[in-house]
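Here is a short briefing on one structure. Look over the sequence and the fold, then read on.

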Amino acid sequence: MSVPNPIYQLDDVSFRFPESAQPTLHSITLAIHPQERVVITGPSGCGKSTLLYVLNRLYPHNCDGEVSGNVRIFGRASQEYEPGEANRKVATVFQDPDSQFCMPTVEEELAFTLENLQVPREEMPKRIDRILRMTGLDNMRDGVIQTFSGGMKQRIATACALIMEPDCLLLDEPLAHLDPLTAKEFVAWLDQLQQERGLAVVAVEHKLELWDEFFDREISLSENGAILKDQAYTKWNAPFLPKRETAKQPKVLFEAKDVSIIQASKSLLRGAGLQLYAGEVMVIAGPNGSGKSTLLKALCGIMKRDSGTISGEFAGFVPQSPEQLFLSKTVEEELSYSGNSSSHDVKNLLEALSLEPIAHAHPFSVSHGQKRRVAIGAMLADRRQVLLLDEPTAGQDLKALRELHHQITCRAQDGCALVVVTHDMNFAMSIADTICLMRDGRLSDPLEPQELFSSPALLAEHRLYWPEKEKCYATSFT
């Protein structure tokens, strides 16, 4: 019996951006076979996403980068494929789902994907119905994509990839913006789908503890973009982070009362209120689309509120999409922009956040994880007394998580108040003085962390997952 060709065969492949002296990927040799489940790991900025973009021919065909070595896809040299030809067999879900949407509504985006594949029009409704059902998006068919949360956009982007019925699915941190139970359901759903369709799955991922034993194989890259190891996958446990000692003080720095936002007759926030004390770290958690990002944007004045009052210190904000903050031509200039920190302090931040190697790079040219750290560094350097961080842990390796933990701890000890929106319950447990829960635009009163994590009912109600306490999760994706 003949052995099928590998989906991918890379021989001594290197990739270098034109502005870089050193290659981002260095002498990569690997093969990926049909039906394999492969995870690509490594420190933030090591070239994981770049490798994925070489696999789907985005690089070098859509940038000025240089590739050396040989890349074969389904037995053919990569350069032999016509534009878009390989994408009939290989579908990609990018780390930033906004980058791949072209149409306003979910149904129109799915139909647009099928039109590009030249699927007969009479077949489209059946395929759209099937994929909406499969991905749990039935009730969002007519929804406007840009009104959804980052997590919902990620699910829509995945649906658009799967409607192509590919032989290989490339995923760039697909769990980064999903609430914990949705992430677990996504993995269970993908597991069933992979078994039914026999497609290969290649994912770049940091949150391996949420994948259980899904993967067969792990390819780990070193900091210089070379393969450090290529071996059978071993299940990961959640990383350990020490519990921060509270620095909360009786002084109120910031207060919001009865904040509501209504858009297109839909209540995004319903009478939300909170108080932030000097030295307090408050975590806000809840399911995708519950209003967490909307709340932060209201608190810092980006979104206009329909009712309510906000008083106290002016809040600094780090959004989910850090590019929204960038104003400078280099990472170092971005951290120095406010002028509120000395050059020595900026240098220390660059070193602490592992940004020194890219200090002179343009902020838009670095990896997603690095962009997030640049935005956080810039806001730390601004030295605001109230900081709002929206999903700061997304795309971060363990070293970066520990440094983020340290930076938040230090700022709290200095009397800063911080609000952290996160789906990472291990990080939340380690850093929070108080946790507020959101659901349907409503914000709960503050809870002690242990009060939440000892309550399976509260966790389930807000689609949160705490592996030490709650082992069961629903499978609505199936």
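Rings of Phe, Tyr and Trp (its six-membered ring) count as a pair if their centres lie within 6.5 Å. On that basis, Phe15, Phe17, Tyr53, Tyr59 and Phe94 make up one aromatic cluster. The model is predicted.

**Aromatic rings**

- The structure holds 11 aromatic pairs.
- One of them joins Phe326 and Phe364, whose ring centres are 5.6 Å apart. Their planes stand at 90°, so this pair is edge-to-face; the cut-off for that class is over 60 degrees.
- Phe326 is buried, at 8% relative accessible area, whereas Phe364 is partly exposed, at 44%.

**Charges over rings**

- Arg76 sits over the face of Tyr81, 4.1 Å from the ring centre.
- Lys89 places its charged end over the ring of Phe74, at 4.7 Å from the centre.

**An open sheet and its helix**

- Strands of a sheet pair through backbone hydrogen bonds, either parallel or antiparallel.
- Here 3 strands form an open sheet, ordered β12-β11-β14, with antiparallel pairing.
- β12 (266-277) and β14 (307-312) are the edge strands. Each has a single partner strand, so one side of each lacks a neighbour in the sheet.
- Neighbouring strands are turned by 10° against each other on average, direction ignored.
- Strand β11 (residues 252-263) is joined to β14 by 5 bridges, and the two run antiparallel. Among the bridge partners are Glu255 and, in β14, Ser311.
- Helix α7 (residues 292-299) packs on this sheet and touches β11, β12 and β14. The helix direction makes about 60° with that of β12.

**Cysteines**

- A disulfide is a covalent bond between the sulfur atoms of two cysteines. This structure holds 0 disulfides.
- Cys168 is in no disulfide; the nearest cysteine sulfur, in Cys160, is 18 Å away. Cys168 is buried, with a relative accessible area of 0%.
- For Cys416, the closest cysteine sulfur is that of Cys410, at 11 Å. A disulfide needs the two sulfur atoms within 2.5 Å, so this distance is too far for a bond.
- Cys416 is buried, at 0% relative accessibility.

Note on methods. Residues numbered from 1 in each chain as written. Predicted model: local features only at pLDDT ≥ 70, side-chain atom pairs only at ≥ 80, totals over all residues. Heavy atoms only, no water. Buried < 20%, exposed > 50% of the residue type's maximum accessible area, 1.4 Å probe, protein only. Pairing = 2+ DSSP bridges. Helix = DSSP H or I, 4+ residues; strand = E, 2+ residues; numbered from the N terminus. Axes fitted to C-alpha atoms, helices over the stretch in contact; angles between N-to-C directions. Contact = heavy atoms within 4.5 Å. Phe/Tyr/Trp six-rings, centres within 6.5 Å; stacked < 30°, edge-to-face > 60°. Lys NZ or Arg CZ within 6 Å of the ring centre and 35° of its normal.
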